[in-house]
Amino acid sequence: MTRFEFATATRIVFGAGALREVGRIAKGFGHRALIVTGRSSGRASALNRLLGEQGIARSTLAIAGEPKIEDVERGIQFARSEGCDLVIGFGGGSAIDAAKAIAALTTNGGEVLDYLELIGRARPLANTPVPVIAIPTTAGTGAEVTRNAVLASPEHHVKVSLRSPLMLPKVALVDPQLTYDLPAELTASTGLDALTQLIEPYVSCKANPLTDSICAEGIRRAARSLRPAFDNGTDKSAREDMAVASLFGGLALANAGLGAVHGFAAPIGGMFPAPHGAVCAALLPHVMEANLIALRERASHSAALHRYDDVARLLVGSDRAGAAEGVVWVEHLCSHLKILPLHRYGITANNAPSIVAAALKASSMKANPIELTTEELSEILERAL
Ligand SMILES: [Zn+2]
């Protein structure tokens with residue numbers, strides 16, 4: 001019997017040029033916005049101006065790289081001292097996740113660790129967060145429609161999530177124009193994250209009819225447009241497709257979970273300075289292959305086997321394609337997009353046992369279509385090195 005839930009941002013506004021609407025949208029939520037950006041807040045100048053035109057006061061916080069617990073602590077203090085009643089995340093997944101975490105904890109007491117899973121006390125949020133408007137400037141994470149924020153704890157060498165249904169943004173404003181100047185390397189790694197975040201929920205053991213249709217459309221668009229977007233960043237229709245694919249990946253993963261690729265990506269991201277999307281890309285074909293072998297050996301009636309055939313058809317664009325062709329297609333895409341093997345980020349075979357042990361505990365691993373053994377996980381990692 002089918003039973004499912006689907007939760008997302010209260011409002012999604014999508015379209016080239018949609019940023020122009022931000023002032024009027026923001027006005028409905030507050031008078032003083034905290035704008036959270038990536039390393040350089042200069043790219044947010046148009047956003048700043050549009051908010052100013054509507055009489056909204058602004059305070060800006062730039063966070064370099066993926067957000068750490070201390071960045072969030074600093075952001076909470078800043079938001080409270082400035083009296084911000086609205087938080088706007090403007091940037092890649094890191095800036096948006098930081099914005100969601102700061103908004104969530106500005107209204108909730110205690111320290112960040114009180115609310116973190118795995119390394120903290122996993123306390124649920126008691127109070128409603130400050131409203132969040134999420135505006136992605138990359139096409140990859142879909143963080144504008146997810147209910148968690150990935151935070152790094154350098155002390156624990158791990159990345160963990162702050163998670164709550166209350167953390168879904170009030171508005172996800174997706175403007176593909178903001179991705180036109182994304183460099184090719186970032187287009188590749190973020191785009192492959194988006195593709196992974198569409199394939200994993202599609203074969204997930206938590207998939208539902210709504211996420212299925214979202215994934216199918218997202219995979220179709222990423223398959224036809226990731227190469228063109230990489231080859232020619234000014235290809236507007238390719239950029240639009242990738243923005244849709246990224247958004248759809250976020251919608252899908254927030255409601256159907258992920259799988260082994262992301263199970264690995266969490267501990268690897270905590271231990272090595274490797275970009276999340278590049279790690280996912282290096283692992284994706286090997287996880288697809290290992291899942292297929294394990295399913296055929298131990299669950300030959302599993303619907304996930306047919307789902308991998310569907311994935312292949314969507315990727316290859318042919319009704320006759322089978323699962324194995326999907327794996328080859330992804331391998332070719334990764335080599336076209338110049339994805340590096342994991343050893344290029346300093347990961348060696350010596351690190352494998354600790355990575356595999358941590359991956360087994362990762363929350364994403366629970367949605368993988370079949371439980372993989374320690375040996376199978378070690379083999380995946382060895383191939384991705
Ligand atoms: Zn991801």
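Contact here means heavy atoms within 4.5 Å of each other. These legends describe a predicted model, in which local features need pLDDT of at least 70 and side-chain atom pairs count only at pLDDT 80 or more, while totals for chains, interfaces and linings use all residues. Residues are numbered from 1 along each chain as its sequence is written, and side-chain values use heavy atoms, with hydrogens and water left out.

**View 1. Helix H10 meets helix H11.** Helices are DSSP runs (H or I, at least four residues), numbered from the N terminus. On the H10 side (residues 303-316), look for Tyr308, Asp309, Ala312, Leu315 and Val316, which touch Ala323, Glu325, Gly326, Trp329 and Val330 of H11. By class, this contact has seven nonpolar, one polar and two charged residues (Ala, Val, Leu, Ile, Met, Phe, Trp, Tyr, Cys and Pro count as nonpolar, Asp, Glu, Lys and Arg as charged, and the others, Gly among them, as polar). H10 and H11 (residues 323-336) pack at about 50 degrees, with axes 7 Å apart; axes are lines fitted to C-alpha atoms, for helices over the stretch in contact, and angles run from 0 to 180 degrees between N-to-C directions. That angle makes H10 oblique to H11 (under 35 degrees is roughly parallel, over 145 roughly antiparallel, 65 to 115 roughly perpendicular, and the rest oblique). The crossing of H10 and H11 is left-handed, meaning that the near helix is turned anticlockwise from the far one by less than a right angle; clockwise would be right-handed.

**View 2. Four side chains hold the zinc ion.** Asp193 (OD), Gln197 (OE1), His262 (NE2) and His276 (NE2) coordinate the zinc ion at 2.0 to 2.1 Å. Donors are N, O and S atoms within 2.8 Å of the metal (3.2 Å for Na, K and Ca); water is not among the atoms, so sites may look incomplete. Along the sequence, the donor spacing reads D-x3-Q-x64-H-x13-H. Gln197 in helix H5 (residues 184-203) and His262 in helix H8 (residues 260-271) link distant parts of the chain, 65 residues apart.

**View 3. Helix H8 packs against helix H9.** The angle between H8 and H9 (residues 276-298) is about 140 degrees, with axes 9 Å apart, and the two helices are therefore oblique to each other. Their crossing is right-handed. Among the residues that meet are His262 and Phe264 in H8, and His276 and Leu283 in H9.
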